[in-house]
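Work through the exercises below with the model open. Try each task before reading its solution.

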Amino acid sequence: MLKKECVAMLLAGGQGSRLGSLTRNIAKPAVPFGGKYRIIDFSLSNCSNSNIDTVGVLTQYKPFVLNSYIGAGAAWDLDRAFGGVNILPPYMGETEGSWYKGTANAIYQNINFINYYDPDYVLIISGDHIYKMNYAALIDYHKEKEAEVTISTLEVPWKEASRFGILSVDEDYRITEFQEKPPYPVSNLASMGVYLFNWSILKEALFEDELDEGSEHDFGKNVIPSLLNKGRRLYAYSFQGYWKDVGTIESYYEANMEVLRSKDSIDIFDSEFRIFSNDIVQTPHYVGAEAKIENSLISNGCVVLGEVYNSILAPGVYVGEASQVRDSIVFHHAKIETDSYIERAIIGEKTEIQSHCIIRAKEKNSSDSSEITVVQDHHIIPKGTVL
């Protein structure tokens, strides 16, 4: 019987409520990023570049756009006869079914899918982080340490440590303590939410967790601490590279702007480790004779007749004459008509901003910085509106 060494399970069902109107109609992993990409492209591309060709994508919240975007997985070379990418929503079985109750329960409900491929290892990843990672190196490290669980980690600023799962390790990087989002962190070594398990260990832990009525069925809160308490061999893998949790409007905006700065950000132009996307083929972008563009990403299908500075335009965006777009992110097929001014804003997909509008960031009362103004998908902003 054919088998796979490693199966990846990609958690893509979260609502992403902290992203506000950006996730009102779509799942967080389907939110556009960097012009032509969507957030989930990074995890799927990591799998493809790491020669992991069997990926289960666990969806739940408003999955239509995400499911349609992934399709058969051809864009990431994941359209395989045995393996490939598989969409795994919650389903009704012989017993009463339910929505995924937590990250661990989501994997538990798909044990049969994993068993079908009889893997040695199961990689648990998220569909809402921006990073490049060769998972093959993680697997090699896991084998070298003779680990039963390996957690990918990186150091975060101390002021942000309470937002993450925090680890303590010994001199061999064996994990000695794990706390999920502790109010008073004992270290700044944070979990990236990338877990590699021996399948036999994970399967046993999932069955035990499911029987625990007091469990929240979460890897960070329940499964990892339980395995640690049992003396299992848990190791930390030190990740060296760019990684961003784009869980808030501010972090999402900042990650996009960092792409424009190129240094100390993710390199989307690296031909050795490409980020793939299921981008619909469109005409080349058009830049008018009077247009001005500086330090910006302009995707295919865009028409720019005005001015664009330090901004990212997704495919099919229209910027009319005498309009200015500054420090902003504009989603697919949005239309900005003549003589409008957009600054430090996120403009939703297929939004129409009529002429003589002003949309800019709102000043905060508590600091010198300003909030990002977000215009929801499919909105029409009437002529002369000031936001």
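A pocket here is an open set of points on a 1 Å grid over the protein atoms alone, where a 1.4 Å probe fits, with protein on both sides within 12 Å along at least five of seven lines; lining residues have an atom within 4 Å of a point. The model is predicted: local features need pLDDT of at least 70, side-chain atom pairs count only at pLDDT 80 or more, and totals for chains, interfaces and linings use all residues. Residues are numbered from 1 along each chain as its sequence is written, and side-chain values use heavy atoms, with hydrogens and water left out.

**Exercise 1. Describe the largest pocket and its lining.**

Step 1: take the volume, the space filled by probe spheres set on the grid points, which are joined across faces, edges and corners. About 1,300 Å³ lies in the largest pocket.

Step 2: find the centre. Of the 39 lining residues, Thr103, Ser126, Asp128, Lys181 and Asp218 lie nearest to it.

Step 3: assign elements. Helices (H or I, at least four residues) and strands (E, at least two) are DSSP runs, numbered from the N terminus. At least two lining residues come from each of α3 (103–108), β6 (121–126), β11 (189–198), α7 (219–229) and β13 (243–245). β11 gives the largest share, four residues.

Step 4: sort by class. Ala, Val, Leu, Ile, Met, Phe, Trp, Tyr, Cys and Pro count as nonpolar, Asp, Glu, Lys and Arg as charged, and the others, Gly among them, as polar. The lining has 13 nonpolar, 15 polar and eleven charged residues.

**Exercise 2. Which residues make the contact of α6 with α7?**

Step 1: Axes are lines fitted to C-alpha atoms over the stretch in contact, and angles run from 0 to 180 degrees between N-to-C directions. The axes of α6 (residues 199–211) and α7 come within 10 Å and cross at roughly 115°.

Step 2: list the contact (heavy atoms within 4.5 Å). α6 brings Ile201, Leu202, Ala205, Leu206 and Asp209, while α7 brings Phe219, Asn222, Val223 and Leu227.

Step 3: classify. Seven are nonpolar, one is polar and one is charged.

**Exercise 3. Trace the sheet that holds β16 and find its edges.**

Step 1: order the strands. Two strands pair if DSSP finds at least two bridges between them. The open sheet runs β16-β19-β22-β25-β30, with parallel pairing.

Step 2: find the edges. β16 (297–298) and β30 (373–375) each have a single partner strand, so one side of each lacks a neighbour in the sheet.

Step 3: check one pair. Two bridges join β16 to β19 (residues 312–313) in the parallel sense. Leu297 has Ile312 as its bridge partner in β19.
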